[in-house]
Amino acid sequence: MSEEQNEILRRGDKVIIARGVSRLKVARHRFTGLFADVLALCYLYASIRLLILQLPKYKEAVKASTGQPVLYVPWAIVISAAIVVALFWGSLGRSLGGRVGNIEYRRNGAKKVSIIRRLLHALLNAIGMVPAYIGLWWLHTHDARYETWTLASLPLLLLFLWALVDPKGRTLVDRITGVEVSLPEYKEVVDVRVRPRPWYTRSWGAAVLTMLILSYTTGWIITKIDLNALVRDAPRAKPLFIDLVTPDLFERTPTDQIARAKYQIPCSGNPPAPAQVQPDKPSLIITRGGTCGERGDLIAVRGENFAPNSKGILFWVDPIGMKDRIRGIQTDENGTFEYTFNVPNARGTDYEIHEVEAAISVPAGPWRATITLRMVIDKMIETIFLALMATTLGVIISIPISFLSARNLMIHNPLSATIYYITRTIMNIMRSIEPLIWALIFVVWVGIGPFAGVLALTLHTVAALAKLYSEAIESIDPGPIEAVTATGADRIQTIAYAVVPQMIPPFIAFTIYRWDINVRMSTVIGLVGGGGIGFLLIQWINLLQYRQAATAVWAIALVVAIMDYASAIVREKLV
Amino acid sequence: MLEIQHLTKIYEDGTRAIHDVSFTVRDGEFVILIGLSGSGKSTLLRCINRLVEPTSGKVIWNGVDITAASPKELREIRRNIGMIFQQFNLVKRSSVMTNVLSGRLGYVNTWASVLGQFGREDRQRAFAALERVGVSEKAYNRADSLSGGQQQRVGIARALMQSPKLMLADEPVASLDPATSHSVLKYLEQLNREDGITVLCSLHFLSLARRYGTRIIALKAGEIVFDGLPKDIDHERFKAIYGEEAIEVEIA
Ligand SMILES: Nc1ncnc2c1ncn2[C@@H]1O[C@H](COP(=O)(O)OP(=O)(O)O)[C@@H](O)[C@H]1O
Ligand SMILES: [Mg+2]
């Protein structure tokens, strides 16, 4: 930047130092400003329209219409109107775009530009748009597609192209009205006695405020927030919460209470003695039909002193000890039951003794983990290893990529700069796609299971870590690199002695951070078939088995908490 | 002998840092570069070992054209030129020993050094270098646990590992207090007198330059405005170098 380009302007007690600025930069700032204003105005229009459509009158209209948009203004017209308004806004005061693009209009270096001059500036700019509107109108009347209207707005572009040839980056309109633009390069000594107007009274501030209010209002409507439902329908969730606090964890191994009664087929002179009820011991007695008879006879059995409210089975035991199920049985609250049935067609020669057996199953054995719990533990192990594999693979792959996407290493020659931009773009795209979506893709590719999950998480880890690592590389102190290079070390030695030692702390910190994320992600990646505990969870939820699902949820909470704690400790020790 | 011939450096952004600088340094001299901040001292020093690529001009050292050297030759030349810096430029997280050993990298096998394998001789040499600058008891401390003066002495030890014949020092005492400044400069003086190492050192303060230099070169806006003995810088010359409003201060 040579001395001649610098310009010092004095106006009253203010000193404005305008440093030489490239015209391209002026043009870029102005375009950014205009673009921001147009965008903001379109946004305001769109959200107001959305709010109006909420009015009952228009709601009806929307329902009645068949695909015909209500309150529709062609977007080409909306945008061109927005451009005109933006031009006025920018000329008449400090617009939002002026703020964003850091543009202000000045006259002779001072901020004070008379309102007449500003109005003239705006008007002339709007007139500059006229050819565009004529073109638009023509296209409209000739039933052409609105998309081609951009062609017609070329005059506007020309209007601004002028700024590229003007030494001070002024447009034609600027020159006519004697207005110039200021850019951030202008440094101004402001009079400190004058209090600046608060931001919300400025037009750009008011616009920001309006946009915020409109955004939250539309947000409330679009997301269908319904506080009433939240309160009114709370009881619906009650059984779910009950299941959630009683997860299926342990059970007792069942043991059988058994009692038998003898029965002879057919009756001999000496039938078996009827069984007696023994106090405090499960007993089975035949209460109808006697202790002998023919096949097909109706008999009744009664059980006593069994465990109350328990289920079991009634068997017919033939003389050689083979059991045949007669029916399922259930004890009442006193531990008794009575059932009537026909003597089955059991094998056996005449006069042999058969038996009736009642087996009531009671959970009285030692406690053990339920199948649910065992499945959960099994899948939890898979989950943790899924996270481990994805993190490790991700770290290994992202290290070389992070060097390729480190600005300070790659920007020096065109080839490496190209590689830099390509890797950065690919990484940005990969990072913006959530692991769950990657998992969906890999489930199709390699099939349902943990491998798909590993691939999905690895990919996302690579994209995220490559960015974090490359930022770590970009922020290293160049001093040691310079010093080691000066000793005559080659590139590899310089990296080993000056770059790597500086990278280790952020490297460890980011890896642990990613490990935490991967543990969390691996618990849900199964929801879409990527293996791990999430797979079980979604199945149980779909089968409405909420107690089982609760077991999985608690396991996830526990494991994630433990892993968080562990990595906090590791981080403290290493970084 | 070090010959600088018509050296010019224009940075990518168009800054002309040094312009047509020529001078010759004989072996064993203690040359001090002075000049305002931004006058091009650092650029000049870095052009000598090509940490900064000169735009035009030549640097010839003992008959070898450094500016024309291939990358491999350049590494061999660099290992004979020690350099110390204002910010010490130690690897903060590495031990003092590792920092000093890194001065030997130009002499050892690449992969052995990447694995941290230095010979016993090199380790002994490193220890001797640390002893010489008086920080051997800190050999296994982390570099950033040392005080500024100690860190700069480690920087000197690192340069000593190269067995340099020329030492470049870019404002080596600018971040140190006066007493420590003197101790660091005394080590440089000792290397110059006892080992016959040529020293090219940039300094901010004229008083220090007068005390240690055998010759002073002054830069202003990238050009040499004085080249001569310390005693020849009088009031007029001082104003010419530092500007009308400057006053000379004594560093105790
Ligand atoms: N990497 C660089 N890129 C662009 N300009 C630089 C760079 N380094 C130094 N300069 C400029 O070159 C001039 C000389 O700087 P320098 O050699 O650091 O001077 P000194 O060491 O005497 O303070 C200054 O104007 C400085 O801004
Ligand atoms: Mg400097």
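This is a predicted model: local features need pLDDT of at least 70, side-chain atom pairs count only at pLDDT 80 or more; totals for chains, interfaces and linings use all residues.
Residues are numbered from 1 along each chain as written, with chains lettered from A and ligands numbered from 1 in written order. Local features need pLDDT of at least 70, side-chain atom pairs count only at pLDDT 80 or more, totals for chains, interfaces and linings use all residues, and side-chain values use heavy atoms, without hydrogens and water.

Visitor: Which helix gives the most to the shell around ligand 1?
Guide: The shell, counted by heavy atoms within 4 Å, includes Lys41(B), Ser42(B) and Thr43(B), and it divides into three nonpolar, seven polar and two charged residues. With three residues, the largest contribution comes from helix H1 (residues 41-48) of chain B.

Visitor: How far from an oxygen atom of ligand 1 is an N or O atom in the side chain of Thr43(B)?
Guide: A backbone N or O atom of Ser39(B) lies 3.3 Å from a ligand 1 oxygen atom, and for a backbone N or O atom of Gly40(B) the distance is 3.1 Å. For the side chain of Thr43(B), the distance is 2.4 Å.

Visitor: Which residues touch the most other members of the largest nonpolar core?
Guide: Such a core joins buried Ala, Val, Leu, Ile, Met, Phe, Trp, Tyr and Cys residues through side-chain atoms within 4.5 Å, buried meaning under 20% relative accessible area with a 1.4 Å probe and protein chains only. Among its 55 residues, those touching the most other members are Ile34(B), Leu130(B), Ile156(B) and Leu188(B).

Notes: A polar contact is a pair of N or O atoms within 3.5 Å; within protein, one must be able to donate a hydrogen and the other to accept it, and residues adjacent in sequence count only if both atoms are side-chain atoms. Helices (H or I, at least four residues) and strands (E, at least two) are DSSP runs, numbered from the N terminus. Ala, Val, Leu, Ile, Met, Phe, Trp, Tyr, Cys and Pro count as nonpolar, Asp, Glu, Lys and Arg as charged, and the others, Gly among them, as polar. Buried means under 20% relative accessible area, exposed over 50%, partly exposed in between (1.4 Å probe, protein chains only).
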